[in-house]
Amino acid sequence: MNIIVCIKQVPDVDDIKWTKENNLDRNNMLSKINPYDEYALNAAIKIKSRFKEAKVTVISMGPKQAQDVLNFALAKGANRAILLSDKAFAGSDTLATSKILAAAIKKYCPDFSLILTGQMAVDGDTQQVPLSLAQLLEIPEITNITEICNADKNVAIVSVKTDLKIDIYEINTPCLLALKTECEENYIPKIDDYIRAQNIPIEEYDINDIGINKEDVGVIGSPTMVYRAFRPEIHKDTKEIKEDITKKILDFLLKVDNK
């Protein structure tokens, strides 16, 4: 049973920098694994623990420093790590990113049973890559998953929680599952785990390796673009009331409410 987990290195929200093209400058900022992708990784590791023959492969697209999150995934228990890195990939939107991932999976991991992803990435929040990737691979998908109840090489049973109910779905494999919340225990790697991970080489492939056209990736291959990006500003209209008198506070609130 082969499980693929797509993970992304995202910027620390307190250290965001921009390029002149209005894209995130990922080469010059602090980064970490996307939290939703870590949910997927945790689920994959748990499934792996139940099947002796199961293997987990993590795939990430990004610059060289994305190796950090791949090493982290290996330390958590993944068996194999793939980095898709090429200057031609820079500026890829969700569709171009999905095409790159799909091409790499078809060539280097064609015998998968499950693909697990996070529901979204905190640096974009489009929630488009899981669906696009599943469509390109021509496999069924379920998104917004809150729990993987059971999964093997033939079928997966998952729950999707909404505001009013919890739906249980059964889906045949191969399939893609996108996790919305933490539904497994989060194992924190120890020093011995990182030492073990150092002995697992990270496979690195570029645009020529995966066999995708330059016209389909990067800014050229992206039908969407970031028009404007900015840090939101929060403005608060406050008034300090020093007197400890309840009536004055109530009078003030009533005046505000009547405006």
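Strands here are DSSP runs of E covering at least two residues, numbered from the N terminus. By that reading, Gln9 sits in strand β2, which spans residues 9-11. Keep in mind as you browse that this is a predicted model. Below is a friendly tour of one glutamine, a few cysteines and a nonpolar patch.

- The Gln9 side chain makes a polar contact, reaching the backbone oxygen of Gln65 at 3.0 Å.

**Cysteines**
- If you are setting up bonds, the disulfide count is zero.
- Cys6 shows why: the closest cysteine sulfur to its own belongs to Cys109 and lies 9.1 Å away, too far for a bond, because a disulfide needs the two sulfur atoms within 2.5 Å.
- Cys6 is buried, as its relative accessible area is 8%, and the cut-off for that label is under 20%.
- Cys149 is partly exposed, with 38% relative accessibility.

- Ile249, Leu250 and Leu253 together make a nonpolar surface patch of about 260 Å².
- One of these residues, Leu253, lies in helix α7, which runs over residues 246-258.
- Leu253 has a relative accessible area of 48%, so it is classed as partly exposed; the exposed label would need over 50%.

Conventions
Residues are numbered from 1 along each chain as its sequence is written. This is a predicted model: local features need pLDDT of at least 70, side-chain atom pairs count only at pLDDT 80 or more; totals for chains, interfaces and linings use all residues. Side-chain values use heavy atoms; hydrogens and water are left out. Patches are made of residues with over 30% relative accessible area and no salt bridge: like charges are joined within 9 Å, nonpolar side chains (Val, Leu, Ile, Met, Phe, Trp, Tyr) within 5 Å. Accessible areas come from the Shrake-Rupley method with a 1.4 Å probe; for residues, only the protein chains shown count as cover. A salt bridge is a side-chain nitrogen of Lys or Arg within 4 Å of a carboxyl oxygen of Asp or Glu. Helices (H or I, at least four residues) and strands (E, at least two) are DSSP runs, numbered from the N terminus. Buried means under 20% relative accessible area, exposed over 50%, partly exposed in between (1.4 Å probe, protein chains only). A polar contact is a pair of N or O atoms within 3.5 Å; within protein, one must be able to donate a hydrogen and the other to accept it, and residues adjacent in sequence count only if both atoms are side-chain atoms.
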